[in-house]
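Here's a quick briefing to read next to the model. Have the sequence and the 3D view open as you go.

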Amino acid sequence: MTVLPYEEALAVYDPVLGLEVHVELNTTSKMFCGCSTAFGAEPNTQVCAVCLGLPGSLPVVNAKAVESAIRIGLALNCTIAEWCRFSRKNYFYPDMPKNYQISQYDEPIAYDGWTDVVLDGESYRIGIERAHMEEDTGKSLHVGGATGRIHGADYSLLDYNRSGVPLIEIVTKPIEGTGAKAPEVARAYVAMLRDLLRALGVSDVRMEQGSLRCDANVSLRPIGTSTLGTRTETKNVNSLRSVERALRYEITRQAAVLAGGGRVIQETRHWHEDSGITTAGRSKETAEDYRYFPEPDLVPIAPSREWVEQLRATLPEPPAAKLQRVSAEWGFSELEMRDVVSAGAVNAIEATVAAGASPQSARKWWLTEVARRANEAGVDLEDVGISPQQVAEVQALVENRTINDKLARQVFEGVIAGEGSPAEVVAARRLAIVSDEGALAAAVNEAINANPDIVDKIKSGKVQAAGALIGSVMKQMRGQADAARVRELILEKIG
Ligand SMILES: [Zn+2]
């Protein structure tokens, strides 16, 4: 596959984005029946006549899902419809037993909103076209193929537990004017949305479990022109990092097609995490292909204005306002705050501070130890395997001098490897600093006796030379000593 280098592509073309995010709501029951929505159950154990689409079964709308939809719409500054309906979106796919999906078409519950995304200290206003309700499909598992796709598979299995789980689809208006930053803006938007949905308490927003999924649309047009180019839609990108990577790749691919005099084909594309490329899927259906019509088995939804206002009063702090507040509370410099935001660590730090750590120590661990491991594993910060409470616990162990910063890294390693809580890892790996003054004094004496030249330097007033002695003691103690205490002892002895 030919691609143009990213900088070259951006020198000629202006990317326009469109993001469709599907959010699985965390209601206990499904959108139109009473089946459980719990993740990870045995296949086909959370199903009934309604979500299996059996003839004669009738759907009933889940009120809690409507409430969540309205709250999401309000949080995105949308207008809430006074009256709206469900439609049938007709298409055949084995994981959708009715052969139509109950969705909303021309009458979404929330429309015409906006939200602000902050990236590198700059604010981008993202227009929201609509947020509508629909039901999720089941899941297919293709067995025997090399890639997990149906092509080349020996057989396929179907699990309808997810069929009928409430979904909200949030669709942006075309996002223009972001230039070379387009992939990062897209990532920042999805991250902001995830944080907002979590703050609303309406979804688990676990991208790796599929409760937040992003379809990323992008088109290119020559810089200085205003007509939109042909877009492609990369489906089900399931991490923040992949959103950015998939768009970056797709921009370079489309640029190569256009620069070569070709035409971009309107189609859905698949993102391949391992090879970092997208490949063609099906050519994109248009609305007519779906033969939408109003769902005759459901009554329209007409949320009263009083209810909408009651729900408005339950909204959490908007993400942009929250950033301003925490940045003041934590006393971070602009640069520090920028790093925190681009690492997606705001909530993690907030929770770590709430668990008792100082803002600076929380920032330090999330942006060094945890971020490094997230990068290595190619996952988002919260999927590394250590919680804010555990990070705060590590910091508390450092502060009460059970461990030092260096040993703390081994504690992170142990907790992430699933060896237990920080205290358990310290115990199991015997990491606690040796507080036996006798052992420490012996190591200090040995270092002093072995380095008379350094001792002379210290005696002549060059106190910084003590660093070499401290290093030698720490080495003897296998790092399990408190460096400040070692320094004290050395200076005491040399007098
Ligand atoms: Zn059911």
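**Aromatic pairs and a zinc site**

Trp330 and Phe332 are both buried (under 20% relative accessible area; exposed is over 50%, partly exposed in between, with a 1.4 Å probe and protein chains only). Keep in mind that this is a predicted model, where local features need pLDDT of at least 70, side-chain atom pairs count only at pLDDT 80 or more, and totals for chains, interfaces and linings use all residues. Residues are numbered from 1 along each chain as its sequence is written, and side-chain values use heavy atoms, with hydrogens and water left out.

**Aromatic rings**

- There are six aromatic pairs in the structure, a pair being Phe, Tyr or Trp rings (the six-membered one for Trp) with centres within 6.5 Å; planes under 30 degrees apart are stacked, over 60 edge-to-face and the rest tilted.
- Tyr105 and Tyr292 are stacked, because their ring centres are 3.8 Å apart and their planes at 5 degrees.
- That pair joins two loops, so it ties together parts 187 residues apart in sequence.
- Tyr105 is partly exposed at 32% relative accessibility, and Tyr292 is too, at 22%.
- The Trp330 and Phe332 pair is tilted, at 5.4 Å centre to centre and 45 degrees between planes.
- Ring pairs also link Tyr91, Tyr105, Tyr290 and Tyr292 into a cluster.

**Zinc site**

- Cys33, Cys35, Cys48 and Cys51 coordinate the zinc ion through their SG atoms at 2.3 to 2.4 Å (donors are N, O and S atoms within 2.8 Å of the metal, or 3.2 Å for Na, K and Ca; water is not among the atoms, so sites may look incomplete).
- Their sequence spacing is C-x1-C-x12-C-x2-C.
- Cys51 is buried at 3% relative accessible area, while Cys48 is partly exposed at 25%.

Note on methods
Helices (H or I, at least four residues) and strands (E, at least two) are DSSP runs, numbered from the N terminus.
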